[in-house]
Amino acid sequence: MKKVCWPYFDPDFHNLPERIYGPVCRVSLDNETSEDCTLVKVDSVNKQGLLLEVIQVLTDMNLTITKCFISSDAEWFMDVFHVKDENGNKLTDQNAINYIQQAIGTTTGPPDSTRANAYANNIFESENHSEHTTIEMTGTDRPGLFSEISAALADLQCNIVEAHAWTHNARLACVAQISDQSTDAPIDDPRRLATIEDHLITVLRATTAVSPCGKEANNQEVKTTGFLGGDYQGTMTNVERRLHQLMLSIRDFDGPNLRPASSPRTPFAWDAEEECRKTAVWIESCKEKGYSMVSLECKDRPRLMFDTVCTLTDMQYVIFHASTHCHEGYAFQEYFIRHVDGDVLCTESEKERVIKCLEAAIERRVCEGIRLELRADDRMGLLSDITRVLRENGLAVVRADVATQGEKSINAFYVRDISGNEVVPDMDFVESMKRELMGPSHINLQVKNEKHLRSPSSTEKSRYFSNIGDILKSQIGRFSFAKIK
């Protein structure tokens, strides 16, 4: 028998560079250097979008980034993040530490999403996304639009398993996961998907958008993406990044409510009055290094860095260096960027567009309306019924997060009045709603923005608020006794 020979290949040959030069990514967590926060240090071979991926991992775990230093020149990525957990403490859970090292460390492919969900503690992480069909919607916002979308899907025999909607500057973007009402299975029939798209486009087109130039703006769009995967696989930040992209695509940074381009200011040179503390973004040239320097100041909040880095990345800019820090509740961020083609921001129009997009990214997540959290036994049409009650009583949903956990539907709505003004309920209103809706029904309602609550005076009490508790009790309470799906 003829002997067959072939060259020998070392099975560890593909790991040779790592064995010579060390791992391509090193992640370490330091609880000794700082007294009040954990330092997450990342040294890695650089690639486009890596910074955003790292921030997504930290954000998914509800970690607050109080300070960071970023450098990614010479094809190497070196970052230091100062982080705290959602209670403002150091990160001490060893399982969470191991997950961070796994997620942004030497492992290849996406991390285990079930572990991410366990550590994130986000009440809006839904169940298995692969069992649902995704719908993306963009259009011109109007009072009651989210309620009309919910009602349209209920009429089409679609069960809304999860939904996230943002509104900003008279624009709406929504990502929803739906299933068939009768089978709970994903909807994959092309004809039925086309019918759903046509119906939702009709709802969105009920309002004609007008651009600042006086022309009709055709930004109504509905897309069904079938089985979930790719961009939506895993965690909440993937959905939020898509919402940012959808808002950017319909130019929510253009419109009458946005301020003129920001002018440079000394960091934290805020006026004494609270209302003068505005978001400020400006761009300067760093000619000796070949960068454009983007600086911003605004009120600090969770996920702020994710929003700004996400926007710069989606606008095709590369962040080479950056530093961020917080001071007395306000954030200062500085980014040294170039376009992916290597160019800096040369024209005033390009600089103005970047400024407007960053301001929009910061503002679109900030909701000044009161937050209503409602938990109820899940059933077909529940979301449609709840949003209809809010709409009929003069409350407009400006942001919504809806999810299903087991047999429960978990809903959070930021609401304002139909004129866009903030609703400030008095204590009697809140206590009445809690007492009446937490009675014999299976509905639990909480109002979260309690920093705005006030004690009522005889001249400030409103018939609107004294009656809405009874209305919600009589209508939403009745819903809980309907047949649960």
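# Chat on a predicted model

Colleague: Is Asn169 buried or exposed?

Modeller: Asn169 counts as buried, because its relative accessibility is 8%. Asn169 is not a glycine, yet its phi is positive. Most residues other than glycine have a negative phi.

Colleague: Where else is there a positive phi in a residue other than glycine?

Modeller: Asn62 is one of them, with phi near 60°. Asn62 sits in the loop between α2 and β3. Asn62 is buried too, with a relative accessible area of 18%.

Colleague: Why does 18% count as buried for Asn62?

Modeller: Buried means under 20% relative accessible area, so Asn62 at 18% falls within it.

Colleague: Back to β7. How many bridges join β6 to β7?

Modeller: Ten, and the strands, β6 (residues 158–168) and β7, run antiparallel. Trp166 has Ala173 in β7 as its bridge partner.

Colleague: And which way does β5 pair with β7?

Modeller: In the antiparallel sense, over eight bridges, with β5 covering residues 133–140. Ala173 in β7 is the bridge partner of Thr138.

Colleague: How many residues of β7 are buried?

Modeller: Ten of its ten, for a strand that covers residues 171–180. Arg171, Ala173, Val175, Gln177 and Ser179 point one way. Leu172, Cys174, Ala176, Ile178 and Asp180 point the other way, and all of these residues, on both sides, are buried.

Colleague: Changing topic. What is the strand order in the open sheet of eight?

Modeller: The order is β1-β2-β4-β3-β13-β14-β12-β11, with antiparallel pairing.

Colleague: Which strands stand at the edges?

Modeller: β1 (25–30) and β11 (280–286). Each has a single partner strand, so one side of each has no neighbour in the sheet. From one strand to the next, the twist averages 20°.

Colleague: What packs on the sheet at β1 and β2?

Modeller: Helix α3 (residues 94–103), which touches β1 and β2 (38–45). The direction of α3 makes about 155° with that of β1.

Colleague: Which strands does α8 lie across?

Modeller: β3, β4 (76–84), β12 (291–299), β13 and β14 (330–339). α8 runs at about 15° to β14.

Colleague: What does Thr308 touch?

Modeller: Thr308 is in α8, which spans residues 304–314. Leaving aside residues up to four places away in sequence, Thr308 touches Leu296, Gln333, Tyr335, Leu358 and Ile362. Thr308 counts as buried because its relative accessibility is 0%.

Colleague: How many bridges join β3 to β13?

Modeller: Five, between β3 (residues 64–71) and β13 (residues 317–327), and the two run antiparallel. In β13, Thr324 is the bridge partner of Cys68, and His325 is that of Lys67.

Colleague: And how many between β3 and β4?

Modeller: Seven, again in the antiparallel sense. Lys84 in β4 is the bridge partner of Thr64.

Colleague: What span does α6 reach?

Modeller: α6 (residues 190–204) has 15 residues and reaches 21 Å from first C-alpha to last, close to the 21 Å expected at 1.5 Å a residue.

Colleague: Last one, on the whole protein. How many helices and strands are there?

Modeller: Twelve helices and 18 strands. Of the 485 residues, 51% count as buried. Among contacts with a separation of 6 or more, 71% are between residues 24 or more positions apart.

Key: Residues are numbered from 1 along each chain as its sequence is written. This is a predicted model: local features need pLDDT of at least 70, side-chain atom pairs count only at pLDDT 80 or more; totals for chains, interfaces and linings use all residues. Side-chain values use heavy atoms; hydrogens and water are left out. Helices (H or I, at least four residues) and strands (E, at least two) are DSSP runs, numbered from the N terminus. Buried means under 20% relative accessible area, exposed over 50%, partly exposed in between (1.4 Å probe, protein chains only). Contact means heavy atoms within 4.5 Å. Two strands pair if DSSP finds at least two bridges between them. Axes are lines fitted to C-alpha atoms, for helices over the stretch in contact, and angles run from 0 to 180 degrees between N-to-C directions. The expected span of a helix is 1.5 Å times one less than its number of residues.
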